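Dear colleague,

I am passing on the structure below, and after it I set out what was found. Please read the notes with the model open beside them.

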Amino acid sequence: VTPAGGPPGTVFFLSDYGTDDEFVGVVHAVLHRLAPGLAVIDLSHRIPPFDVAAGAAMLVRCAPALGPGVVLAVVDPGVGSGRRAVAARTGSGHWLVGPDNGLLSPVADALGGVAGAVRLDSRVGGTFDGRDVFAPAAAHLAGDGDPGALGPEVDPDTLQPGPDAADRGDPTVAAGPSGPELVTSVTWVDRFGNVQLDLGPGSLDALGITTGSTAAVLVAGREPAVVARRVGTFAQLGPDELGLLLDANGRAALVVDCGSAAAALGVAGAGTPVRVIASHG
Amino acid sequence: VTPAGGPPGTVFFLSDYGTDDEFVGVVHAVLHRLAPGLAVIDLSHRIPPFDVAAGAAMLVRCAPALGPGVVLAVVDPGVGSGRRAVAARTGSGHWLVGPDNGLLSPVADALGGVAGAVRLDSRVGGTFDGRDVFAPAAAHLAGDGDPGALGPEVDPDTLQPGPDAADRGDPTVAAGPSGPELVTSVTWVDRFGNVQLDLGPGSLDALGITTGSTAAVLVAGREPAVVARRVGTFAQLGPDELGLLLDANGRAALVVDCGSAAAALGVAGAGTPVRVIASHG
Amino acid sequence: VTPAGGPPGTVFFLSDYGTDDEFVGVVHAVLHRLAPGLAVIDLSHRIPPFDVAAGAAMLVRCAPALGPGVVLAVVDPGVGSGRRAVAARTGSGHWLVGPDNGLLSPVADALGGVAGAVRLDSRVGGTFDGRDVFAPAAAHLAGDGDPGALGPEVDPDTLQPGPDAADRGDPTVAAGPSGPELVTSVTWVDRFGNVQLDLGPGSLDALGITTGSTAAVLVAGREPAVVARRVGTFAQLGPDELGLLLDANGRAALVVDCGSAAAALGVAGAGTPVRVIASHG
């Protein structure tokens, strides 16, 4: 890696390394050694091990908050295989550094698409590429280093697309026996038990679920359906009432005020299918 | 928010956001984007969800360690309700930024009381105010921005008082059948199983429990009482011996050397009533 | 502590403080107050409580990644006892600050040995020495403060040696009924379930276990033995196949690709004895 020429810059770091071991600390140490003064912001390191879809979805949720800098993302079930290590430049001017396994593609789309990419050529690595391959590349790019020094150019169209859960479009609204309905799935259960659905405001509009109106929600394997009321904030719900709101990311979520919708609904995690049925009146 | 004029400063950040999700990382990203160079020190983000009393107590414990800066604290069961978002200036010169729900009042008392306050006027927010309301205000104030630009002044006397557990005075010593006694409660069980009581050195003095003397301790629902010896440090205890010491915050705590007093006593968490009875001799 | 004269420098911080409480945050606050601008890199704070051997082993694994700076390490079952608080200068120019209980000695060996040491004289402390004794010393040394201001010199030969698990040499290869074999033990189970053994490449060579060849592995209490194939990377393993590789620290580890070897083998944690037997052909 050629020494970088510019100011140290900022790195946003996400991984599935967890916090019990020293992996995150070691990557920080490497970044700091290569680029003293670099600001490193941890997005989260508690992505479930090897869960590329969860990592990709989290990066998308973080995207609007990111100032200029380099995203260093490592959820890498294929470490040591033939999968490429890459750095991709987005339309927004961010660099994304990580494995070419779909982790980076959804956030690239959220940041203006990929304008160019290089493959990270490295003779080291194979078991801890966060330390050995990705951190050095991120430090280099954060300092405005020459991307060409990292490896050959890669055709952006050859980058792996994102996992299904993170990049599919709005689901189709069908006419059900009780009114318009659709089937979606859980994309995220957060610490508070909020259950995010793979559903944007357009789908709620298409179902006619406006603020104040109700929907029937059927979680796979959890009959019967339960009623959720669309609200604008948690505080508009009564005690233990199930709500449906657009969350802080602009996505539909099933929520309980000061409580866990996941516990109330029996939702264990991402991927659970959920049927949403517009109520009669 | 008007751009801040001064140097980036320091923010001390506490929340109940946990570390599994990206909430903490997103707030860091927002602070860094608004005030590059700002130092952000995480106090803890593992306050139990919505536990205002636990957050308030932790802030009090942290207070003596804080250099100049802004405390950004978010434990906010009332997000999206009518509760005010505020910034309060303390006698010590710190700014405290967070919801007006009692979270900030005990630490304000510990930092010289509230000298002035403003309400954070914001047209955004309602579900993730840490990102949308509190972090921008904290970045603004950390840079010596004009507080008047954030919103109208608030009468400090109208701020919510702290939750009971965090701001009540010393309990009353009564004459019991075996000697002077009092009833207090657990304020905190830490990682090591140390059981902090809502009891200062004055109460131990009033009970006549001096270093080397013993007390009988009765945890609610856990008869019979057990004996604890007052010591100055953990290392003065024998193996598995229960001790009573003034902890690093100057509060009475039940402890076991290299072991968990909480496990030994069957204490699950804050709030458990505990009767402390001075021993005969 | 005399004010330090130099630039703020870097501190690498490891402890068993956990992340539920404010201990780590308070130490950061103290470091920042004493040395604004200091870079503090958290290695990990989730060492099991009081587990000096685990902390010592983690410091050794981190050592190659550390740039110049001060290592602040606190796993301190003897806090408040007669154990010394020390700062040791290594051949590599690092300062190591912590309790003199064996925690620092293995990483000192990894960093060129101890060239000199001082005892940290302090009239405070006894229950939270990370805040009261070690952090002030680390801030002082990170700013190139005079070590002599911290306390009297200590003969490096009197420092406590490391715990067994962290500093013993390669185990002896014996002739077993099916071929050469040895008994070693687990040094670390990481988040992914990789099982690191107290075994370097020399021992694998001595057993004749080269890449592609197999070994029989017998975990204590878990008969029968299972077969592990030596590979260079995780990705060279088939689904659920047990592998033996040199991990990112150059130590032998039992692994499963995208899975948990610890779960497959029933290994609970460090210390478990493991017999490794070279296969016939």
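Is α1(B) mostly covered or mostly uncovered? Helix α1(B) is mostly covered, with 10 of its 12 residues buried, where buried means under 20% relative accessible area, exposed over 50% and partly exposed in between (1.4 Å probe, protein chains only). Among the buried residues are B:Phe23, B:Val24, B:His28 and B:Leu31. The helix runs over residues 23–34 of chain B and reaches 17 Å from its first C-alpha to its last, close to the 16 Å expected at 1.5 Å a residue, the expected span being 1.5 Å times one less than the number of residues. Helices (H or I, at least four residues) and strands (E, at least two) are DSSP runs, numbered from the N terminus.

Before the interface, a word on the basis: this is a predicted model, in which local features need pLDDT of at least 70 and side-chain atom pairs count only at pLDDT 80 or more, while totals for chains, interfaces and linings use all residues. Residues are numbered from 1 along each chain as its sequence is written, chains are lettered from A and ligands numbered from 1 in the order in which they are written, and side-chain values use heavy atoms, with hydrogens and water left out.

The contact (heavy atoms within 4.5 Å) takes 32 residues from chain A and 29 residues from chain B. The area buried between the two chains is about 2,300 Å², of which carbon and sulfur atoms give 61%; buried area is the accessible area (1.4 Å probe) that two parts lose on being put together, summed over both. On the side of chain A, A:Arg46, A:Arg191 and A:Phe192 lose the most area to chain B, together 29% of what that side buries.

Between chain A and chain B the count is 2 salt bridges, a salt bridge being a side-chain nitrogen of Lys or Arg within 4 Å of a carboxyl oxygen of Asp or Glu. The side chains of A:Arg61 and B:Glu22 meet in a salt bridge, at 2.6 Å from N to O. Several elements of chain A each supply at least two residues of the side that touches chain B, including α2 (52–62) and β9 (179–189), and the largest share, 5 residues, comes from β2(A).

Elsewhere in chain A, A:Glu241 lies in the loop between β12 (226–230) and β13, and A:Glu241 counts as partly exposed because its relative accessibility is 24%. Leaving aside neighbours within four places in sequence, A:Glu241 is in contact with A:Arg229, A:Val255 and A:Val256.

With best wishes
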